[in-house]
Amino acid sequence: MLYRENGQFKATYRADQQIFPIRQDRIALIALLLIAFVLVPLSAPEYLFRAILIPFLILSLAALGLNILVGYCGQISLGTGAFMAVGAYAAYNFQVRIEGMPLIASLLLGGACSTVVGVLFGIPSLRIKGLYLAVATLAAQFFVDWAALRLKWVTNGSDSGSVSVAGLQVFGFSLQSPAAKYLFCLAIVALFALLAKNLVRSAIGREWMAMRDMDVAAAVIGIRPVYAKLTAFAVSAFIVGVAGALWGFIHLGAWEPAAFNIDRSFQLLFMVIIGGLGSIMGAFLGAAFIVLLPILLDQIPLWFGIPISTATASHLTSMIFGALIVFFLIVEPHGLARLWSTAKEKLRLWPFPH
Amino acid sequence: MGFFLETLIGGLMAGMLYSLIALGFVLIYKASGVFNFAQGAMVLFAALAMARFAEWIPQWTGIESKLLANVAAFVLAMAVMIVVAWAIEKLALSKLVNQEGITLLMATLGITYFLDGLGQTLFGNDIYKIDVGMPKDPVIVAESLFQGGILVSKEDLYAALIAAALVILLALFFQKTATGRALRAVADDHQAAQSIGIPLSTIWIIVWSVAGFVALVAGIIWGSKLGVQFSLSLVALKALPVVILGGLTSVPGAIIGGLIIGVGEKLSEIYIGPMLGGGIEIWFAYVLALLFLLVRPQGLFGEKIIDRV
């Protein structure tokens with residue numbers, strides 16, 4: 001009843017092509033942003049920021065980046081953790097080696113370095129695809145893992161590859177309190193989500209999707225595979241790199257190469273699959289799901305008074321992840337985002353089924 | 001020279017073991033068109049089952065003989081792997097028939113996580129020993145040719161022999177039997193195979209059981225070398241570049257790829273490693289495979305797939 005678009009007429013192409021053509025969506029989004037920017041920082045307890053909100057935001061950003069590559073361009077990547085690591089370590093180097101480097105600049109430069117590495121490892125995608133490519137991206141993962149551990153100049157001379165940053169500030173505001181960190185991440189994520197949404201709506205986004213759906217046909221209608229694939233790798237790696245830098249700088253503060261190991265890559269891929277391949281919203285839903293599930297699995301046995309060891313809990317988590325991935329691939333290959341849009345379709349017609 | 005040869009032989013032996021795991025990948029890909037990322041998890045699962053059954057069977061039945069306990073554990077573990085194969089087919093693959101390769105790959109990723117969790121829940125997550133009586137002591141050969149001779153681990157030698165035997169057996173199975181032909185038909189095209197009356201579900205159960213068998217053998221060999229623990233499933237990640245190098249559809253490719261990677265890894269670690277800061281074993285294989293792909297995307301022996309519009 002509330003979600004119905006009768007009477008919302010579009011008289012111009014501009015109005016017809018806006019991001020959220022339905023008024024209720026716009027209102028809901030504004031309300032959501034208001035809550036996220038105003039209400040949450042005022043009211044949430046510190047635990048919520050540290051354990052849930054900040055990881056959720058940063059991982060959504062990384063999933064967003066990965067979704068551009070996997071969901072929109074169809075190039076499967078198992079090396080996302082590597083691109084995050086490149087972003088984090090590059091940003092760290094800019095921050096440490098250059099006096100007075102602004103935080104945002106080093107984050108963006110970290111992303112830029114990640115882009116370069118991403119394109120480099122994306123080059124094989126021009127000749128190989130699908131399964132072979134997935135393995136090729138693992139090369140990036142292992143190489144970067146090793147580089148962070150062994151190459152001294154990557155970690156600025158630290159022995160075990162562990163580095164830390166302190167005294168972060170943006171435009172003179174100190175990023176010490178969890179609420180400030182949260183707001184900083186939220187602003188960046190909101191900005192990138194808007195950018196990504198517009199990118200996938202634009203010509204380049206359609207080229208990616210054409211490439212994904214059938215590369216030969218796309219090439220026939222004049223889409224350059226080299227350009228489409230490499231831009232997807234570049235944009236994806238940039239976003240993932242910024243997310244990696246945020247993960248290191250804001251969430252962890254001090255980190256070592258293991259923070260970006262192959263498990264992180266798989267985790268992000270799962271977010272994209274469960275959230276929804278080829279959907280901006282899916283990145284957020286997937287990230288929320290994967291951040292919350294282990295926490296819930298830790299808590300639920302406690303509510304019922306069944307003690308459960310951490311090892312068992314982590315095995316259970318991995319079993320549930322595995323089962324859910326197969327489940328989603330079978331039942332709803334487009335993930336949670338698709339369920340959400342189905343619900344919206346139903347709401348439009350409610351109470352009638354057709 | 002003696003040292004070089006020793007490294008070379010060590011590399012060949014390690015490579016043979018990589019081939020063994022790579023063989024699991026190739027078998028499933030060849031016979032069902034699924035790139036089975038779960039092969040590593042299956043190796044871990046099989047090895048865990050084997051290790052634990054070998055420990056439990058004497059407790060349950062009071063069997064004293066070690067050989068008997070090991071054989072019983074092997075049979076039980078194989079039975080478990082067949083059940084796993086059956087469950088994977090029924091619960092996951094049969095519902096994903098005719099889907100794209102990427103979807104199937106991601107499904108096997110899910111299976112990987114599920115099996116890792118399940119195996120460790122059922123069988124525990126400590127380090128377990130598999131003791132099938134493989135000789136541990138190394139032998140020194142060719143003492144007359146080089147000073148000090150060449151040190152060869154007997155265990156590796158046996159492992160290589162077992163792997164070679166397995167490969168020959170499987171190659172015969174694929175080339176000479178009717179089932180083998182049916183398996184290859186399914187790999188080429190699910191739909192076409194179904195339409196000429198090949199029962200897809202039976203074929204898949206067979207091929208996953210065979211892969212389970214290979215995983216079990218690989219798990220026992222690796223497990224008796226390194227002990228059974230979670231890191232065993234990571235050995236499979238070593239086998240991926242092998243598959244890529246050799247070609248996804250080629251059994252000889254898996255073997256030669258394994259040998260190349262094994263030797264390349266050991267030699268590079270010793271001769272190039274110190275220049276780069278050591279530990280390059282973890283990525284050398286991948287970068288080698290990657291560079292190779294740029295030149296020959298289908299791998300050494302892979303079938304060339306030509307896109308036509």
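Is B:Lys266 buried, exposed or partly exposed, and what is its relative accessibility? The legends below take this residue first, in a predicted model.

**Figure 1. B:Lys266 sits in a helix of chain B.** The helix is H10, residues 251–271. B:Lys266 has a relative accessibility of 25%, so it counts as partly exposed. The cut-offs are under 20% for buried and over 50% for exposed. Leaving out residues up to four places away in sequence, B:Lys266 touches B:Thr7, B:Gly11, B:Ala14 and B:Glu281. B:Gly117 is 149 residues away along the chain. The C-alpha atoms of B:Lys266 and B:Gly117 are separated by 32 Å.

**Figure 2. Chain A and chain B share an interface of about 3,900 Å² of buried area.** Carbon and sulfur atoms carry 80% of that area. In chain A, the residues that lose the most area to chain B are A:Leu131, A:Tyr132 and A:Trp146. Together they make up 18% of what the chain A side buries. Chain A puts 39 residues into the contact, and chain B puts in 46.

**Figure 3. A:Ser318 of chain A meets residues of chain B.** A:Ser318 belongs to helix H13 of chain A, residues 310–331. Its contacts beyond four places in sequence are B:Tyr113, B:Phe114 and B:Gly117. Its relative accessibility is 14%, so A:Ser318 counts as buried.

**Figure 4. The second largest pocket holds about 1,400 Å³ of space.** Its lining has 50 residues. Which of them lie nearest the pocket centre? They are A:Asn261, A:Ile262, A:Asp263, B:Phe230 and B:Leu234. Helix H9 of chain B, residues 232–246, gives the most to this lining, with eight residues. By class, the lining of the second largest pocket has 29 nonpolar, 15 polar and six charged residues.

**Figure 5. The largest cavity is lined by residues of chain B.** Its volume is about 40 Å³. The count of cavities of 30 Å³ or more comes to one. The lining consists of B:Leu44, B:Leu48, B:Gln120, B:Gly124, B:Asn125, B:Asp126, B:Gln229 and B:Phe230. Three of these lining residues are nonpolar, four are polar and one is charged. B:Phe230 is also among the residues nearest the centre of the second largest pocket.

**Figure 6. B:Gly124, one of the residues lining the largest cavity, lies in a loop.** The loop runs between helix H4 (101–123) and strand E1 (138–141) of chain B. Apart from residues up to four places away in sequence, B:Gly124 touches B:Leu48 and B:Gly119. B:Leu48 also lines the largest cavity. B:Trp56 is 68 residues from B:Gly124 in sequence. In space, the two are 13 Å apart, C-alpha to C-alpha.

**Figure 7. A:Ser236 is buried in helix H10 of chain A.** This helix covers residues 225–252. The relative accessible area of A:Ser236 is 4%, under the 20% cut-off, so the residue is buried. Which residues does A:Ser236 touch, not counting those up to four places away in sequence? They are A:Gly65, A:Leu66, A:Ile68 and A:Leu69.

**Figure 8. B:Ala193 is a buried residue of helix H7 in chain B.** Helix H7 spans residues 190–195. B:Ala193 has a relative accessible area of 2%. Beyond its neighbours within four places in sequence, B:Ala193 contacts B:Ala185, B:Val186 and B:Ile198. B:Leu44 lies 149 residues from B:Ala193 along the chain, and 32 Å separates their C-alpha atoms. B:Leu44 is one of the residues lining the largest cavity.

**Figure 9. A cis peptide bond joins A:Trp350 and A:Pro351.** Omega at this bond is about 5°. Most peptide bonds are trans. A:Pro351 lies in the segment after helix H14 (335–349) of chain A.

**Figure 10. A:Cys73 and A:Cys185 are buried cysteines.** A:Cys73 has a relative accessible area of 1%. A:Cys185 has a relative accessibility of 0%. How many disulfides does a search of the whole structure find? Over all chains, the search finds zero.

Conventions
Residues numbered from 1 in each chain as written. Chains lettered and ligands numbered in written order. Predicted model: local features only at pLDDT ≥ 70, side-chain atom pairs only at ≥ 80, totals over all residues. Heavy atoms only, no water. 1 Å grid on protein atoms, 1.4 Å probe; cavity = no way out; pocket = protein on both sides within 12 Å on 5 of 7 lines; lining within 4 Å. Points joined across faces, edges and corners; volume = space filled by probe spheres on them. Helix = DSSP H or I, 4+ residues; strand = E, 2+ residues; numbered from the N terminus. Nonpolar A, V, L, I, M, F, W, Y, C, P; charged D, E, K, R; others polar. Disulfide = S-S within 2.5 Å. Buried < 20%, exposed > 50% of the residue type's maximum accessible area, 1.4 Å probe, protein only. Contact = heavy atoms within 4.5 Å. Buried area = accessible area lost by both parts, 1.4 Å probe.
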